[in-house]
Amino acid sequence: HDPRIHVFSVASGHLYERLLKIMMLSVVRHAGAPVKFWLLQNTLSPAFKALLPGFAAAHGFEVGLVTFRWPTWLRAQTDAQRTIWAYKILFLDVLFPLTLRRVIFVDSDQVVRADLAELMALPLDGAPYGYVPFCESRRDVDGFRFWKGGYWAGILAGRPYHISALYVVDLDVFRSTRAGDTLRAVYQSLSADPASLSNLDQDLPNYAAVTPGGGAPGGHPLVRIFSLPQEWLWCDSWCDQASKPAAKTIDLCNNPLTKVPKLVAAKTIIPEWEEYDRMAAATTAEVYARLAQAVASGGGGLGG
Ligand code: UDP
Ligand code: CA
């Protein structure tokens with residue numbers, strides 16, 4: 001039995017790497033068990049990769065890099081942001097060692113306020129993964145809830161539209177039901193239309209969760225989603241203030257009304273954010289200083 005909490009995340013660019021450090025510190029601070037982060041290697045900068053071992057050691061967690069080369073037969077995305085969203089969801093069956101049985105994806109712009117060990121143990125009712133339904137409590141963004149009308153309202157037929165900032169994957173079920181193959185096939189077909197999958201990592205699992213997968217009509221969906229309790233994902237854009245104290249994580253979702261930049265939102269919405277940012281900056285400076293010293297003294301701390 002592996003007692004650890006396993007967290008998967010992705011980041012590209014300086015801003016998201018800064019946010020990722022904060023996310024990791026917040027997970028570790030509340031964790032009731034050792035934590036291992038699995039980060040997608042493809043998009044991380046060389047400087048961040050050099051920092052990671054020292055940063056992880058300083059804060060007492062493990063880190064593993066995972067990578068997968070985009071298959072030649074799978075339609076590629078031309079937009080870098082959409083490519084990274086694709087990596088959140090399309091290769092969950094092949095990214096991790098087979099011994100890994102469960103992993104929690106957490107967006108790098110998220111701050112965790114609860115023990116993720118809870119999600120490592122939560123039963124998912126036989127589904128391959130669990131997502132949190134979008135908050136419906138904040139009223140002044142009612143007009144932006146695109147899933148409440150048109151196409152999505154039609155195919156959801158009253159079922160929830162889930163947010164993709166955090167999800168728990170039961171890798172045993174995901175692999176044995178070939179959910180990865182199904183998601184890639186659905187992706188390949190839907191992405192033929194460049195206008196579809198505009199929120200790729202979110203539209204894809206939501207679509208697969210409400211589209212019947214062969215057998216009797218109205219029977220099993222292609223890839224079922226278990227709905228996680230609402231408090232696992234709070235974001236200011238969609239949730240009301242009354243529900244904020246119970247939040248177990250806070251994501252810096254894009255706000256369709258104000259379009260506030262992430263750093264501004266972080267400082268105003270998450271009181272503990274600046275302390276984490278200072279801690280991360282301090283450790284970063286220490287680790288880089290040590291690496292520079294090792295290089296200067298011929299120790300080859302940056303790989304020779
Ligand atoms: N991401 C990234 N670089 C980007 C855009 C996104 O690394 O340029 C990653 C990052 O982990 C981020 C996740 O993809 O947390 C989802 O994107 P984002 O948080 O920007 O979406 P939002 O929550 O604003 O809808
Ligand atoms: Ca986010």
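This is a predicted model: local features need pLDDT of at least 70, side-chain atom pairs count only at pLDDT 80 or more; totals for chains, interfaces and linings use all residues.
**Exercise 1. Sort the shell around ligand 1 by residue class.**

Step 1: Among the 15 residues around ligand 1, Val10, Ser12, Tyr16, Ser108 and Lys262 come nearest; a residue is near if one of its heavy atoms lies within 4 Å.

**Exercise 2. Find polar contacts of ligand 1, that is, pairs of N or O atoms within 3.5 Å.**

Step 1: Start at Ser12, where a polar backbone atom is 2.8 Å from an oxygen atom of ligand 1.
Step 2: Move to Ser108, whose side chain has an N or O atom 2.8 Å from an oxygen atom of the ligand.
Step 3: Finish with Asp107: a polar side-chain atom lies 3.4 Å from an oxygen atom of ligand 1.

**Exercise 3. Which residues line the largest cavity?**

Step 1: On a 1 Å grid over the protein atoms alone, a cavity is a set of points where a 1.4 Å probe fits but cannot get out, and lining residues have an atom within 4 Å of a point.
Step 2: List them: Pro133, Phe134, Cys135, Ile163, Gln230, Leu233, Cys235, Trp238 and Cys239.
Step 3: Sort this lining, which gives eight nonpolar, one polar and no charged.

**Notes.** Residues are numbered from 1 along each chain as its sequence is written, while chains are lettered from A and ligands numbered from 1 in the order written. Local features need pLDDT of at least 70, side-chain atom pairs count only at pLDDT 80 or more, totals for chains, interfaces and linings use all residues, and side-chain values use heavy atoms, leaving out hydrogens and water.

Technical notes:
A polar contact is a pair of N or O atoms within 3.5 Å; within protein, one must be able to donate a hydrogen and the other to accept it, and residues adjacent in sequence count only if both atoms are side-chain atoms. Ala, Val, Leu, Ile, Met, Phe, Trp, Tyr, Cys and Pro count as nonpolar, Asp, Glu, Lys and Arg as charged, and the others, Gly among them, as polar. On a 1 Å grid over the protein atoms alone, a cavity is a set of points where a 1.4 Å probe fits but cannot get out, and a pocket is an open set with protein on both sides within 12 Å along at least five of seven lines; lining residues have an atom within 4 Å of a point.
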